Amino acid sequence: MAAPDRLALDVDHLKSWIGREDVATDIVGEDLARKYHAMFDAPGAPPTHGGVLPRLIHFCLAQPAVPTAGLGVDGHPARGGFLPPVPLPRRMWAGGALTFHGDLRVGDVVRRTSRISDVSLKDGRTGPLCFVTVEHRLEANGILMIEERQDIVYREAESGATGKVPTPAEQGAFVKPVTAGTPLLFRYSALTFNAHRIHYDRPYATGVEGYPALVVQGPMQAALLCTYAAELRGSPPARFSFRGLSPLFDTDTFALHATADADGLKLWTARGGGPVAMIAEAAW
């Protein structure tokens, strides 16, 4: 099938999704807190009822529960529904920005209201890129706790490897090594109910999407960086933003990097000798 172009993408039709909303609720149980704590090898005991939860654990809450029969070939929910039916085969979480008004706690009843705020089309190196912006508001027991912007990008089926020699990332003033093996990727996909096959199905990731190995989830990198920022400053940030630049793989040993600036911390992930994979900013 010919690759989609600007004429084939009915932008006006896709923009008709702007303003659509989706609402879901969840209860933060001790079981999720215990598993999230164990997944990241967090020190000490996991939080129990009433205890404060780490930032970005809400990525595990109130996730869409599409029937398995309703998934596409890549493991994502089939096109249409809440998100617009963008006719480009690759969908990725490109980045986001969050403002925290308070802490989520074990036992909270969480309500997530999601709204599509923008759909735009741009020309990329390999063809058209369609960006969908989703705004989330999370309330705990009726009180606003998190405001979030999520940036989703759809693109053509480009191979995961570019063939270019990467420019090595700079070394941060603070560095923390991380090994993202297959069990960690599997656990994170399970807790976030994310069936995207590039994170757990090696034959699909390498043979269909052209990556050299399984892809480390962008939201998990963001969670690691946000937690690292809280460790370095002794308290969780009030604002956090992140953007993915290049993939990391389960065969990589990579590191979290951080450097202080006037507003807080600049952070990034990178494998040894590799390019920056994700950049982030944390502010208090």
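Begin by selecting H76, which is found in the loop between α2 (30-39) and β2 (90-100), where helices (H or I, at least four residues) and strands (E, at least two) are DSSP runs numbered from the N terminus. The model is a predicted one, in which local features need pLDDT of at least 70 and side-chain atom pairs count only at pLDDT 80 or more, while totals for chains, interfaces and linings use all residues. Residues are numbered from 1 along each chain as its sequence is written, and side-chain values use heavy atoms, with hydrogens and water left out.

Stay with H76, which is buried at a relative accessible area of 11%; buried means under 20% relative accessible area, exposed over 50%, and partly exposed in between, with a 1.4 Å probe and protein chains only.

Next, select the cysteines. The structure holds zero disulfides, a disulfide being a pair of cysteine sulfur atoms within 2.5 Å. C226 is in no disulfide, and the nearest cysteine sulfur, that of C60, is 13 Å away. C226 is buried, with a relative accessible area of 1%, and C130 is also buried, with a value of 2%.

Finally, select L53, P54, R55, L56, H58, F100, G102, D103, L104 and I146, which line the largest cavity. On a 1 Å grid over the protein atoms alone, a cavity is a set of points where a 1.4 Å probe fits but cannot get out, and lining residues have an atom within 4 Å of a point.

Key: On a 1 Å grid over the protein atoms alone, a cavity is a set of points where a 1.4 Å probe fits but cannot get out, and a pocket is an open set with protein on both sides within 12 Å along at least five of seven lines; lining residues have an atom within 4 Å of a point.
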